[in-house]
Amino acid sequence: MKTKYAVWLAFFLNLSFAIVEFVAGGIFGSSAVLADSVHDLGDAIAIGISAFLESISNREEDSHYTLGYKRFSLLGAMVTAVILMTGSGMVILENMVKLFHPQPVNEEGLLWLGIIAISVNVLASLVIRKGQTKNESILSLHFLEDTLGWLVVILMAIVLRYTDWYILDPLLSLAISLFILSKAIPRFWSTLKIFLDAVPEGVDINQVKNDLEQLDNVASVNQLNLWTMDGLEKNAIVHVCLKRMEDMEASKTAIRHYLKGSGFQNVTIEVDEDLATHRAHKRNIEELEAESEQQDHH
């Protein structure tokens with residue numbers, strides 16, 4: 001329950017300050033603040049959606065979703081990545097013009113806004129850091145990252161207080177937007193691959209197939225499907241042909257042990273007898289039957 005409250009606290013802090021940044025950025029004429037407001041808005045949406053969908057993703061499978069609800073936890077990442085990429089792209093297009101025609105910035109307003117922003121982020125970081133869960137540690141890291149970003153804004157405001165280097169504002173805005181894109185695009189692509197049932201990242205399917213074929217009694221691997229529902233739990237479906245069907249249970253145990261050791265939590269195994277072995281076995285039976293008939297005839 002404490003984790004739930006911590007996540008919602010992070011959501012409201014991000015959303016509230018994103019709105020404040022957007023308004024202040026317009027009033028003070030700072031593109032850098034507007035770019036950071038896009039960043040915080042995306043983070044707020046990510047935190048809010050993840051908090052809402054996390055409870056849904058933990059539901060068991062039912063008649064509507066026979067594979068469970070785990071992919072609901074990925075929707076937040078997809079939506080957030082699209083918002084961040086769209087917002088950052090718009091900020092970049094707008095500030096390309098401002099590079100050639102820099103606009104004056106209210107440096108005193110930026111200075112005070114930066115001080116307030118750092119105070120809020122440090123306070124939120126201290127509150128979240130008290131938790132022990134992975135989500136809380138990631139959120140704490142996010143707030144510390146924002147604190148460092150606002151330190152840069154404060155330094156810019158101090159420089160602008162004594163100079164007229166207004167080009168620093170669109171330059172900082174472009175740097176923030178490009179940084180956001182560098183994080184959002186890989187996140188979007190990684191999540192999209194999960195939705196498309198790609199082989200889990202870090203898994204070499206050819207190596208897995210070769211290792212399975214090296215197991216005792218495995219003649220061939222006819223089918224190997226590897227995927228993940230949520231980027232966390234890995235699933236595998238394996239169809240193998242065995243040399244000796246009488247050792248089927250031992251072979252299935254060996255296959256399951258290997259896949260479990262490779263990080264696959266859910267494993268389905270189907271087995272058949274190797275065709276060549278089956279034909280040899282059938283031929284032996286036919287020869288024995290023929291010999292038996294000859295003996296009976298004599």
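Where is Val 23 found? Val 23 sits in helix H1, residues 2-28; helices (H or I, at least four residues) and strands (E, at least two) are DSSP runs, numbered from the N terminus. Before we go on, this is a predicted model, in which local features need pLDDT of at least 70, side-chain atom pairs count only at pLDDT 80 or more, and totals for chains, interfaces and linings use all residues. Residues are numbered from 1 along each chain as its sequence is written, and side-chain values use heavy atoms, leaving out hydrogens and water.

Back to Val 23: it counts as partly exposed because its relative accessibility is 44% (buried means under 20% relative accessible area, exposed over 50%, partly exposed in between, with a 1.4 Å probe and protein chains only).

Now let's visit two loops. Asp 197 lies between helix H6 (168-195) and helix H7 (205-213), and its phi is near 60°, a positive value in a residue other than glycine. Asn 217, in the loop between H7 and strand E1 (218-228), has a positive phi near 80°. Most residues other than glycine have a negative phi. Asp 197 is partly exposed because its relative accessibility is 40%, whereas Asn 217 counts as buried because its value is 1%.

From there we reach an open sheet of three strands in the order E1-E2-E3, with mixed pairing; two strands pair if DSSP finds at least two bridges between them. Its edge strands are E1 and E3 (264-273), each pairing on one side only. E1 runs antiparallel to E2 (residues 234-242), joined by nine bridges, and Val 221 has Val 240 in E2 as its bridge partner.
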